[in-house]
Amino acid sequence: MGGVLSREDQRKRVERSLMGKRSKARKGEVLGAAFRQRYGFKYTRNENGMAVGYAVNEDKMAVVLGIFEMLADGASIHQVQRRLEGHVPAPGGGEMWSRTTIRSIVEDDVYLPLAYDEVEPLVSAEIAARLDRDAEYGIWYYGRHTTRRKSHRTKARLVEKNPPEKWTAVPVNLSGSGLRRKVVERARQMLRDRPVREPATVGRFNELSGGLFYCGGCGKAMVPDRRRRKTGTAYLYYYRCETKHSRGKDACPLPRSYRAEVVESEVWDYISAVVTSPERLNAAFEREIERLRIANRDPGREMEAVTKRLTELAEERKRAQVLAVRGLLDPDDLAVQLGRITEDKVALEERLEACKGHNEHIAALEAYRDALFISYLFGGPGMHDPLQWPPEKRHALYKQIGLKVIADPEGGIRMEWSFVEDAEAGGVLDTTRS
Ligand SMILES: [Zn+2]
């Protein structure tokens with residue numbers, strides 16, 4: 001059948017291209033396509049303009065060198081970031097050097113100078129013969145990961161790690177880089193030995209963490225933190241803007257950190273006034289569920305229509321293939337038709353998933369409402385008393401009702417809650433801190 005053939009063809013093409021790449025790596029050449037060159041290097045090219053190797057890019061390699069030296073001297077990644085930002089563009093072109101970028105440079109064997117004797121067993125005799133016995137080499141690996149397309153439409157990819165025996169080592173001459181084995185190894189060791197900071201969540205449940213509390217200055221989620229005056233004294237708990245913390249105080253206009261207890265009780269005062277009254281809560285849930293239904297124009301009916309169209313597409317595909325087998329449709333036209341059908345199918349399947357998602361969201365809200373009412377009935381007086389709601393339960397409630405708390409750069413917080421529209425309860429509440 002045409003469809004089967006064309007898929008087989010496609011698979012072969014991918015295989016051939018992979019074989020080409022692997023044989024290129026086996027010849028000791030780096031690959032120029034698809035990926036950016038490693039930071040600190042530039043491509044060397046053959047007479048056809050194809051990338052075949054790496055040579056040191058001195059300006060960028062000086063940055064790499066600086067990173068290794070700072071870390072080897074005991075600097076933290078954070079200090080390295082602060083030194084680079086605003087002075088040197090990150091490898092991706094942006095201004096911010098991420099921790100991941102710095103870490104991956106430090107761990108990348110392309111920057112670790114190896115002597116000839118160490119490189120020789122990693123490569124074929126043919127490549128070893130071309131190596132300069134007095135030079136030092138980093139290793140660029142081909143085939144550490146395999147990527148697969150996850151979806152045709154979104155271009156999402158799945159990345160899988162390959163076992164080391166599948167890697168192909170390509171030596172990269174490090175002459176002129178200034179990299180020294182000892183410094184690189186020391187920087188790696190320092191990074192591995194560095195104690196991992198105890199997360200600020202220790203000792204306390206932060207009920208506004210996890211996508212509830214946002215910075216009104218930069219839009220990032222607020223992060224819980226704790227501080228104490230000196231060792232031995234009790235911790236004070238805060239929420240702070242991560243942008244301001246990691247990029248410096250000018251990076252975000254938010255004035256200060258927020259005392260956790262203060263913000264949390266402001267939020268709870270407001271929300272508990274509604275949720276400890278079954279009548280008000282029920283009305284709020286009803287309104288929200290109705291709003292979702294209207295916004296999604298009856299997902300049940302749409303699901304039906306989408307499912308029907310999917311069945312039709314399967315029929316169309318079969319018809320096209322039958323025509324091709326009878327010689328009534330030429331192979332190129334068949335390929336075009338099958339391609340279009342596949343695209344439509346993927347789009348419809350995604351729509352179907354979205355409908356299911358909306359349905360599930362509504363069902364989850366209904367189930368949560370019912371569970372709340374059961375606990376109103378059987379949970380004793382605790383449910384009606386705001387002081388008896390533990391932080392975990394408040395957090396779960398906030399997530400369910402889609403609460404959003406925003407730290408205002410002018411001071412105070414704002415709350416947005418789609419459930420409550422009437423002015424009396426205040427869909428949006430501003431509080432101003434002294
Ligand atoms: Zn901010």
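Buried means under 20% relative accessible area, exposed means over 50%, and partly exposed lies in between, with a 1.4 Å probe and protein chains only. Keep that in mind for the first stop.

This is a predicted model: local features need pLDDT of at least 70, side-chain atom pairs count only at pLDDT 80 or more, and totals for chains, interfaces and linings use all residues. Residues are numbered from 1 along each chain as its sequence is written, and side-chain values use heavy atoms, leaving out hydrogens and water.

**Stop 1: Val 172**

Select Val 172. It sits in strand β6, residues 168-173. Strands (E, at least two residues) and helices (H or I, at least four) are DSSP runs, numbered from the N terminus. Val 172 counts as buried because its relative accessibility is 1%. Now show its contacts, meaning heavy atoms within 4.5 Å. Leaving aside residues up to four places away in sequence, Val 172 touches Phe 41, Tyr 54, Val 110, Glu 136, Tyr 137, Gly 138 and Trp 140. Then pick Leu 131: it is 41 residues from Val 172 in sequence, and 9.7 Å away C-alpha to C-alpha.

**Stop 2**

Go to β1 (residues 41-45) and β2 (residues 51-56). They run antiparallel, joined by five bridges. Two strands pair if DSSP finds at least two bridges between them. Find Lys 42; Ala 55 in β2 stands opposite. Five residues lie between the strands, and in this hairpin Gly 49 has a positive phi near 85 degrees.

**Stop 3: aromatic rings**

Select Phe 41, Tyr 43, Tyr 54, Phe 68 and Tyr 111: they form one aromatic cluster. The whole structure holds 12 aromatic pairs. Rings of Phe, Tyr and Trp (its six-membered ring) pair if their centres lie within 6.5 Å; planes under 30 degrees apart are stacked, over 60 edge-to-face, the rest tilted.

**Stop 4: the zinc ion**

Which protein donors hold the zinc ion? They are the SG atoms of Cys 215, Cys 218, Cys 241 and Cys 252, at 2.2 to 2.4 Å. Donors are N, O and S atoms within 2.8 Å of the metal (3.2 Å for Na, K and Ca); water is not among the atoms, so sites may look incomplete. The arrangement is tetrahedral because the four donor atoms subtend angles of 97 to 119 degrees; for four donors, all angles must lie between 85 and 135 degrees. Cys 218 is partly exposed at 32%, whereas Cys 241 is buried at 3%.

Terms used. Tetrahedral: all angles 85-135°; square planar, octahedral: opposite > 155°, others 65-115°.
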